[in-house]
Amino acid sequence: MSSRAMTEPAFFILTALVDAPRHGYGIVADVAELSRGRVQLKIGSLYGALDRLVGDGLVELDREEAWQGRLRRYYRLTERGRDALAAEAQRLATNARLASTRLRSQRNPITRPASS
């Protein structure tokens, strides 16, 4: 990915493509399920995000199929996309551990002497 930070929708789009290529509505449904409804992509914003991910080399067109008179485009994760997703997952896990550690330490604060 470029120097831009990975957005939550991009994270979930890449995650949706890990196991198989998907078409637009399949990605939208998978992202909603993976995020437990927190990320609700509209088709327009999905294709904008896919265009950016394709431009960054993280996703590529897998195939196009005619379905009910319309063309369905299927996208797949590239190796670069897999690496970027793994790096982002690691970054998020590290941040979550840091926050959890700090929160646990505040539940059992060390008694400090009062200042005079």
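I began with Q68, which sits in the loop between β2 (59–67) and β3 (70–77). I kept in mind that this is a predicted model.

Is Q68 buried or exposed? I found a relative accessible area of 66% for Q68; exposed means over 50%, so Q68 counts as exposed. I also looked up its backbone: phi of Q68 is near 50 degrees, a positive value in a residue that is not glycine.

Next I turned to R36. I located R36 in the loop between α2 (24–34) and α3 (43–55). Phi of R36 is near 55 degrees, and here too the value is positive in a residue other than glycine. I noted a relative accessible area of 79% for R36, so I wrote this residue down as exposed.

Then I went to a helix. E88 belongs to α4, which spans residues 79–107. Buried or exposed, I wondered about E88? Its relative accessibility is 10%, and the buried label applies under 20%, so E88 goes down as buried. Which residues does E88 touch, leaving aside neighbours within four places in sequence? I found M6 and F11.

Last, I stepped back to the whole protein. I counted 4 helices and 3 strands, and along the sequence they run α-β-α-α-β-β-α. Of its 116 residues, 30% count as buried. Among contacts with a separation of 6 or more, 49% join residues 24 or more positions apart.

Notes
Residues numbered from 1 in each chain as written. Predicted model: local features only at pLDDT ≥ 70, side-chain atom pairs only at ≥ 80, totals over all residues. Heavy atoms only, no water. Helix = DSSP H or I, 4+ residues; strand = E, 2+ residues; numbered from the N terminus. Buried < 20%, exposed > 50% of the residue type's maximum accessible area, 1.4 Å probe, protein only. Contact = heavy atoms within 4.5 Å.
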